[in-house]
Amino acid sequence: MPELPEVEVVRRGLERWVRGRTVADVAVLHPRAIRRHLAGPEDFAAQLRGRRLGAARRRGKYLWLPLEAETPAETPAGTPLGTAPDRAVLAHLGMSGQLLVQPHDALDEKHLRIRVRFADATGTELRFVDQRTFGGLSLHDTVPGDPDGLPDVIAHIARDPLDPAFDEDAFHAALRRRRTTVKRALLDQSLISGVGNIYADEALWRARLHYDRPTATLTRPRSAELLTHIRDVMHAALAVGGTSFDSLYVNVNGESGYFDRSLDAYGREDEPCRRCGTAIRRRPWMNRSSYFCPRCQRPPRVS
């Protein structure tokens, strides 16, 4: 599953190639790709036609395109034209979803699910491609008064650690209150969003914390240090386009990231720890795997 860096790479591509363009037509080629839009394919296409796409937004792993008002009739009184998003297109990338900007005459991808054409002469269109069909697009109302046009279905998602409005004190207090372990807390999207299995393991390795460390034992300096490592590893991943283990994750131009070459813990079972030389271990964890150094990240004592 793509995590914050991978979704942010896609968001930046949409910001460059899609922002401000008006939708001319939408073709839904596979109904499963809009299954979260309960009104169906025809309604989905009809509600997008003629609407201008706003700046691509992201919260954690969630990506959306606000729909700007196009006519005075659609704009609330006293609101500048084009600044009142009332609906938004939410993208679920799932395990293999791709948002690609392609020339009109490019051959259709084998797993093309949705095509969005624009009312301009740039010659490019937006395509949603999804091999495994776990992802999709859906249209939602936005949270009233939210300047980013946040879709109401993800209003419960916490801010992510790269968000300037992220509240570190509240995060630390929540960690101390919860009777859980540190990796479980990092993957709780209502507490901190954008962190998944890969970047949790990487940040915990950098912080020398075992994944089963109880959150109640983290001091304020330790939780602040952990946040610093989370941000550092995400910035490093962003700099090289995110992590791609196969061709399923790509940016809007179809290019893979290569942060997988820089991973210190995740996926490195039996390879030497880059800090102490001890073999990295893998343990089953919540239907996933956790990778850690048994010397640098000592497990908590059992009382």
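1. Which element gives the most to the lining of the second largest pocket? Strand S3 does, with three residues. Here helices (H or I, at least four residues) and strands (E, at least two) are DSSP runs numbered from the N terminus.

2. The model under review is predicted: local features need pLDDT of at least 70, side-chain atom pairs count only at pLDDT 80 or more, and totals for chains, interfaces and linings use all residues. Residues are numbered from 1 along each chain as its sequence is written, and side-chain values use heavy atoms, with hydrogens and water left out.

3. The second largest pocket has a volume of about 250 Å³. A pocket is an open set of points on a 1 Å grid over the protein atoms alone, with protein on both sides within 12 Å along at least five of seven lines; a cavity is a set of points where a 1.4 Å probe fits but cannot get out, and lining residues have an atom within 4 Å of a point. Grid points are joined across faces, edges and corners, and a volume is the space filled by probe spheres set on the points.

4. Of the 15 residues that line this second largest pocket, Arg58, Arg59, Asp148, Asp160 and Asp163 lie nearest its centre. Helix H1 (4-17) and strand S3 (57-59) each supply at least two residues of the lining. By class, the lining holds 10 charged, five nonpolar and no polar residues. In this classification Ala, Val, Leu, Ile, Met, Phe, Trp, Tyr, Cys and Pro count as nonpolar, Asp, Glu, Lys and Arg as charged, and the others, Gly among them, as polar.

5. The count comes to one cavity of 30 Å³ or more. The largest cavity has a volume of about 130 Å³. Its lining consists of 15 residues, with Leu65, Val89, Val116, Leu126 and Leu137 nearest the centre. Helix H2 (41-48), strand S4 (62-68) and strand S5 (87-92) are the elements that give two or more residues to this lining. By class, the lining of the largest cavity has 15 nonpolar residues, with no polar and no charged ones.

6. Helix H6 (residues 220-239) and helix H5 (residues 197-207) have axes that come within 9 Å and cross at roughly 125 degrees. H5 is therefore oblique to H6. Axes are lines fitted to C-alpha atoms, for helices over the stretch in contact, and angles run from 0 to 180 degrees between N-to-C directions. Angles under 35 degrees count as roughly parallel, over 145 as roughly antiparallel, 65 to 115 as roughly perpendicular and the rest as oblique. Contact (heavy atoms within 4.5 Å) involves residues including Tyr199 and Leu204 of H5 and His229 and Met234 of H6. The contact of H5 with H6 has nine nonpolar, one polar and five charged residues.

7. The axes of H1 and H6 come within 9 Å and cross at roughly 45 degrees. H1 and H6 are therefore oblique to each other. Leu4, Pro5, Glu8, Val9 and Arg12 of H1 meet Met234, Ala237 and Leu238 of H6. These residues divide into six nonpolar, no polar and two charged.

8. Helix H3 (residues 168-177) and H6 have axes that come within 10 Å and cross at roughly 115 degrees. The contact is made by Glu168, Asp169, Phe171, His172 and Leu175 of H3 and Arg220, Ser223, Leu227 and Arg231 of H6. By class, this contact of H3 with H6 has three nonpolar, two polar and four charged residues.
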